[in-house]
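Please look through the sequence and the model shown here before reading on.

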Amino acid sequence: MGVNVLNPFGWLSPSGSRARLSIFIFHRVLPAPDPLLPDDIDVARFERIVGFLRRGFNVLPLADAARRLAEGRLPAAAACITFDDGYLDNLTLAAPVLKKHGLSATFFIATGFSGGGRMWNDTVIEAVRAAPAGELDWQDVGAGSYPLTDDASRVAAYQDALKRLKYLPPDERLARTQVLAARHGLAAHSTLMMSPAQLRELRDLGMDIGGHTVSHPILSSTPEAQAYAEIAIGREQLTAWLGEAPTMFAYPNGVPGRDYGVRDVALVRRAGYAGAVSTAPGVATAASDPFQLPRFTPWDVRMARFGLRCAMNLMSAPAAQAPLEAAA
């Protein structure tokens with residue numbers, strides 16, 4: 001795949017040893033805009049984004065791009081597309097758009113939710129959606145008291161609750177959100193996430209599957225043995241389901257120094273992965289730690305502004321990293 005010689009992204013990211021790799025991160029693709037999920041894009045908007053990326057970038061599979069980056073062999077305007085968590089709409093809505101444009105992506109899967117599970121943050125969001133208008137009192141589970149009057153107030157309520165609950169120990173966080181699920185009538189079984197069979201279907205469409213732990217914990221606050229088990233068992237489960245071991249990993253939440261640390265980088269290497277991505281914004285260069293590749297996505301609706309932010313990201317300094325040798 002080539003990029004037009006007049007393309008500014010090619011100027012900002014030349015081929016070879018001076019290449020700068022853009023890695024885009026997504027989570028869900030919705031059938032239509034959802035006022036309670038303003039940060040998740042709908043399929044029509046995703047279609048525009050994918051078309052823009054196909055025209056402006058050389059979109060490569062992540063594992064291939066990471067290898068070529070380290071070897072100084074990336075094409076100009078190189079980019080990758082990634083998805084986190086394992087939502088079913090990745091298969092039903094995102095993958096057909098990618099296939100239509102001849103592109104692939106890497107999908108990072110938290111295996112503990114595959115086939116009927118629901119992530120704790122989605123439980124919080126759906127509990128707010130189900131709550132009647134009026135005062136929502138969640139103080140007994142460590143959140144706040146929220147007036148629910150419109151969509152904006154519901155978004156503000158769950159965003160505050162997520163912040164308060166995110167860094168609790170995983171078992172305690174799960175117990176509290178299960179209380180909310182029962183209180184607001186959420187079914188125990190969910191269809192939000194892909195099953196193992198659907199992951200195989202996604203892989204067979206030419207997409208790559210990567211690891212994202214079992215239960216999506218904050219690795220930096222998880223004891224070492226448990227953190228390694230989350231990383232390694234997740235990889236083992238994906239290997240059993242797919243018949244092949246995933247090579248790339250995504251740190252849950254992914255902010256360096258807050259959500260994962262040098263220890264966790266070493267654990268990912270020990271588990272057998274070839275590389276990993278964070279959620280630090282910026283670009284990757286040949287000097288980047290292959291186990292801390294940055295990712296970002298502009299959320300602008302207008303493609304002109306989307307492209308401007310892509311260019312600004314390419315002009316930014318490479319993301320800061322913890323030295324990998326310190327983890328040895």
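Arginine 73 counts as partly exposed because its relative accessibility is 43%, where buried means under 20% relative accessible area, exposed over 50% and partly exposed in between, with a 1.4 Å probe and protein chains only. The model is predicted, so local features need pLDDT of at least 70 and side-chain atom pairs count only at pLDDT 80 or more, whereas totals for chains, interfaces and linings use all residues. Residues are numbered from 1 along each chain as its sequence is written, and side-chain values use heavy atoms, with hydrogens and water left out.

Arginine 73 lies in the loop that runs between helix 3 (62-71) and strand 5; helices (H or I, at least four residues) and strands (E, at least two) are DSSP runs numbered from the N terminus. Its side chain makes a polar contact with that of glutamate 71 at 2.7 Å, and the C-alpha atoms of arginine 73 and serine 17, 56 residues apart along the chain, are separated by 6.8 Å.

Strand 5 (residues 78-85) pairs with strand 1 in the parallel sense over five bridges, and phenylalanine 24 stands opposite isoleucine 81 of strand 5; two strands pair if DSSP finds at least two bridges between them. In strand 1 (residues 22-26), five of five residues are buried, with Ser22, Phe24 and Phe26 on one side and Ile23 and Ile25 on the other.

A search of the whole structure finds zero disulfides, a disulfide being a pair of cysteine sulfur atoms within 2.5 Å. For cysteine 80, the nearest cysteine sulfur is that of cysteine 310, 13 Å away. Cysteine 80 counts as buried because its relative accessibility is 1%.

Key: A polar contact is a pair of N or O atoms within 3.5 Å; within protein, one must be able to donate a hydrogen and the other to accept it, and residues adjacent in sequence count only if both atoms are side-chain atoms.
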